[in-house]
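Which residues are linked into a cluster by ring pairs?

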Amino acid sequence: LSGLCVIGAALLPGYDPVRAQQVFREDRLKSSSPNSAHTEAAVAGALGVRLGGPSSYFGESTFKPYLGEGLPEAGPDDIKRVNRLVLLSAVLFYLAGFSVHWITITAFV
């Protein structure tokens, strides 16, 4: 659900929802994590950046698969952009949940 909210939220600040959907579809299952990379892939596409690569977890080096292969690498300037996108995604998720709740309640009144 979070990846889908990122795709929807990409419309609001003028990011790229089409590329967000494309990278989401192609790269969301690349991670070995049980949660996979659904949200991260959608963010990479929406912002037009490549995410993943060499990482460090608890002092151990690891390599995460690239998401958004062929796109430019993310940089410090992308931090504000991703913060805006995550905030808008959270608001969209809240509004969707509230709408479902409201429809459910009014259907039984």
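Rings of Phe, Tyr and Trp (its six-membered ring) are taken to pair if their centres lie within 6.5 Å, and a pair is stacked with planes under 30 degrees apart, edge-to-face over 60 and tilted for the rest. By this rule, ring pairs join Y94, F98 and W102 into a cluster. The model is predicted, so local features need pLDDT of at least 70 and side-chain atom pairs count only at pLDDT 80 or more, while totals for chains, interfaces and linings use all residues. Residues are numbered from 1 along each chain as its sequence is written, and side-chain values use heavy atoms, with hydrogens and water left out.

**Aromatic pairs**
- The whole structure holds three aromatic pairs; in one of them the ring centres of Y94 and F98 are 6.3 Å apart with their planes at 20 degrees, so this pair is stacked.
- Y94 and F98 are about one helical turn apart, because four residues separate them in helix α4 (helices are DSSP runs of H or I, at least four residues, numbered from the N terminus).
- Y94 is exposed at 55% relative accessible area, whereas F98 is partly exposed at 43% (buried is under 20%, exposed over 50% and partly exposed in between, with a 1.4 Å probe and protein chains only).
- F98 also forms a stacked pair with W102, at 6.4 Å centre to centre and 20 degrees between the planes.

**Charges over rings**
- The charged end of R28 sits over the ring of F24, 5.2 Å from its centre (NZ of Lys or CZ of Arg must be within 6 Å of the ring centre and within 35 degrees of the ring normal).
- R50 lies over the face of Y66, 4.1 Å from the ring centre.

Terms used
Helices (H or I, at least four residues) and strands (E, at least two) are DSSP runs, numbered from the N terminus.
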